[in-house]
Amino acid sequence: MSKLVIVESPAKAKNIKGYLGKGYDVIASMGHVRDLPSARLSVDIEHDFAPKYAIIKGKENFVKDLKKKAESADYVYLATDPDREGEAISWHLATILDLDLNDENRVTFNEITKHGVMDGMSNPRSIDIDLVNAQQARRILDRLIGYKLSPFISQKIRRGLSAGRVQSVALRLVVDREEEIRAFKPQEYWSIDAKFTNPPSKKTFNAAIYSKNGEKIKITSKEQCDGILADLDGEKYTVTAVKKGTRKKNPTPPFITSTLQQEASRRLSFQARRTMKAAQELYEGLDVGELGTVGLITYMRTDSLRISDEARAAGNQYILDTYGEKYLPKKPRFFKSKGNVQDGHEAIRPSMPNVTPDSIKSYLTTDQYKIYKLIWERFIASLMENCLQETVKVEITAGEYVFTASGYTVKFDGFTALYEESKDDDKDDSSVALPPLAKDDELKLKSMDGNQHFTQPPARFTEASLTKALEENGVGRPSTYVTITSTILSREYVKREGKQFVPTELGEAVINLLKERMPNIVNVKYTSKMEEDLDEIDEGEIDYIDMIRRYYDEFEEPLEKAKKEMQGVKIKLKEEETDEICEKCGRNMVVKVGRFGKFLACPGYPDCKNTKPLIYKTKAKCPECGGDVIEKKTKRGTSFYGCSNYPNCNFMTWDLPSEEVCPRCGKSLFRRKGNVLYCPDTEGCGFTKPVPKKKKSEE
């Protein structure tokens, strides 16, 4: 018998074919083959929001070939990804190929290993129509909202804008945070910090003032601080209390999609798209020498913390063999997922826990190795024993005042022998071990300083912290986090400053308009409730058409009202003025956005209609003729750099121009891959130097 297996990606198709062997033809759909055409609404609102699907442009020949293969096969298996989107792709394929939707032809692979593939093939089921309907509801609502709301904001602010169900909430979070920062008024406060020794030990330790006459001190001015320092002049410092204890530090759970993106951002400075690309490659399968071609991790789009008994047993065995019995908890540890999750598959974990990162490092790219190492260490550590710490807190009395010092020492390292989660703020004032101290010890004061501080505003969002906020608020799903952040960046609603997201004037204008006229669209709780309703469709608890109708009615009414009340109203954005002088009238030209992107225009319109292309000058000079090096764009929007004297000078490079000049020949230096500055002098100067890495505080 010939059997056809349809998956989503070519890499996965090749690897699965290797496991299934003869009698199986495995083909990749390359994602969706059918969708709502973008040229029109493609949803029949009058007839229960019926979607009008069509074959995606460019995939017509593929569908013809697929139909021929399906007709000649004795059986067809639908093996798309094990999530809501994958279920919908299988349903579309079944519809196109005229397969019986009640047939048990749907198989899923949580991991692309021989065991994972054979297990999936041994447990076929029929297509889960509830999962399909949940995906359809999301797709239809996104189309209705985007198709009807985007023209409205484009008309009122600037042509070519878009608004979406989830991206608008993400943008609001960024804008609201910026408003908090602007409204923040720093408060002055002071600390008094001392350094002591406990003779005969010469080791110094830090302590901070805490209270006066039993009441906690709050120092708000230099005068108050100086007064306390004067009171303490000449006092003796005596240990009056030593409190010791033990605390347990638990390991963090294995990764889900959002936590993997967050940790890769903090630890590796990876953007989410880069993280997910490497994870996708690890899941789909790689050639790793003697093991052959195998998927190294489980499915990477998940919000479940569940792990299989087999994976737990394999991880436990590795811990026993490598670290010993004391590193394995007496009772197995289980992690509970928060809220409603799609628990059809596991947390992100290594498919073969005994395959260490270093054992396959030579077969992986740098990114693949770093992400695999992160996933592997996090999973193994999650199974290990707690870290035990001995804590100590000391009170030091000087007259009416009390200082405190605290610290800890590690009694048993447990899981920290392998891995500890990084934090957005790594400060830990209790991480220093204190010297031996006992009640009534008299200490020697080495130094004492009053230090001025100011309260700090909340931090701007990074890609990692925005993803975390969306997850905590129940907005979006694992498969959408990358798209959300990339969309608000590509639409220029947000810009990056280092790792931080800063809203643009355009982004703030969009959110202010939506907050005033379409408050539900940018309401975090409202969008979260919509996600919960989609989960209920998953479970078969509510009808997806009723759900769409309810949300559409709540969307359409305020939109129609806003259109009527804002007829003729145009929100004017502040135009970006440049140093470019209009040669016709002498005004400074401004940046405008047209149908084909940004351009320079004279602000004197309609009296002066002068326009010209927008050219971004760099601070580098052409190494061939000395002209300005300018940034250019390919048709796909990729940046490259060339000489402003083109076509008389043909200098072009993909490498980033720098402000530095060559110390040997004085020409501008350029930066190539590997963070190396080099001189492009065609006569063979050959100067190069590495670019120093930025410290975290500078990012």
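Two strands are taken to pair if DSSP finds at least two bridges between them. The legends below apply that criterion to close-up views of a predicted model.

**Figure 1. Overview of the predicted chain.** The chain has 699 residues, of which buried residues make up 47%. Its secondary structure comes to 16 helices and 30 strands. Taken along the principal axes, the box filled by the C-alpha atoms is roughly 95 × 80 × 65 Å. Among the contacts in the chain with a separation of 6 or more, 65% are accounted for by residues 24 or more positions apart.

**Figure 2. The open sheet β27-β28-β29-β30.** Four strands, in the order β27-β28-β29-β30, form this open sheet with antiparallel pairing. Its edge strands are β27 (656–661) and β30 (688–690), each of which pairs on one side only. From one strand to the next, the twist averages 30°. Within the sheet, strand β28 (residues 668–672) is joined to strand β29 (residues 676–678) by three bridges in the antiparallel sense. In this pairing, Arg671 stands opposite Leu677 of β29. As a general point, side chains in a regular strand alternate between the two faces of the sheet.

Figure 3. Apart from neighbours within four places in sequence, Ser658 is in contact with Ala620, Leu669, Phe670 and Leu677. Leu677 is also the residue that Arg671 stands opposite in β29. As a distance reference, the C-alpha atom of Ser658 is separated by 45 Å from that of Glu111, 547 residues apart along the chain.

**Figure 4. The open sheet β23-β24-β25-β26.** This open sheet is formed by four strands in the order β23-β24-β25-β26, and the pairing is antiparallel. Strands β23 (616–621) and β26 (652–653) stand at the edges with a single partner strand each, so one side of each is left without a neighbour in the sheet. Strand β25 (residues 639–643) pairs with β26 over two bridges in the antiparallel sense. The bridge partner of Tyr641 is Thr653 in β26.

**Figure 5. The strands β11, β14 and β15.** Strand β11 (residues 237–249) and strand β14 (residues 387–398) run antiparallel and are joined by 11 bridges. Lys244 stands opposite Val392 of β14 in this pairing. Strand β14 is also joined to strand β15 (residues 401–412) by 11 bridges, again in the antiparallel sense. Here the bridge partner of Glu390 is Thr409 in β15. The hairpin of β14 and β15 has two residues between the strands, and Gly399 takes a positive phi near 65° in that hairpin. In general, strands of a sheet pair through backbone hydrogen bonds, either parallel or antiparallel.

**Figure 6. The packing of helices α5 and α16.** Helix α5 (residues 129–156) packs against helix α16 (residues 544–565) at an angle of about 5°, and the axes are 10 Å apart. This angle makes α5 roughly parallel to α16, since angles under 35 degrees fall in that class. On the α5 side, the residues that meet α16 are Asn133, Gln136, Ala137, Ile140, Leu141, Leu144, Ile145, Lys148, Leu149 and Phe152. Their counterparts in α16 are Tyr544, Met547, Ile548, Tyr551, Tyr552, Phe555, Leu559, Ala562 and Lys563. By class, the contact comprises 15 nonpolar, two polar and two charged residues.

**Figure 7. The crossing of helices α12 and α13.** The two helices pack at an angle of about 125°, with their axes 11 Å apart. At that angle α12 is oblique to α13. The crossing is right-handed. From α12, the contact is made by Glu463, Leu466, Thr467, Leu470 and Glu471; from α13, by Tyr481, Ile484, Thr485 and Ile488. By class, this contact of α12 with α13 has five nonpolar, two polar and two charged residues.

**Figure 8. The buried residues of helix α13 and what covers them.** In α13 (residues 481–490), the buried residues are Tyr481, Val482, Ile484, Thr485, Thr487 and Ile488. Their cover includes the helices α6 (167–183), α8 (257–268), α9 (272–284) and α12 (463–472). Strands β17 (494–497) and β18 (500–503) are also included in that cover. Just after α13, Glu492 takes a positive phi of about 60°.

Note on methods
Residues are numbered from 1 along each chain as its sequence is written. This is a predicted model: local features need pLDDT of at least 70, side-chain atom pairs count only at pLDDT 80 or more; totals for chains, interfaces and linings use all residues. Side-chain values use heavy atoms; hydrogens and water are left out. Buried means under 20% relative accessible area, exposed over 50%, partly exposed in between (1.4 Å probe, protein chains only). Contact means heavy atoms within 4.5 Å. Axes are lines fitted to C-alpha atoms, for helices over the stretch in contact, and angles run from 0 to 180 degrees between N-to-C directions. Angles under 35 degrees count as roughly parallel, over 145 as roughly antiparallel, 65 to 115 as roughly perpendicular and the rest as oblique. A crossing is left-handed if the near helix is turned anticlockwise from the far one by less than a right angle, and right-handed if clockwise. Ala, Val, Leu, Ile, Met, Phe, Trp, Tyr, Cys and Pro count as nonpolar, Asp, Glu, Lys and Arg as charged, and the others, Gly among them, as polar.
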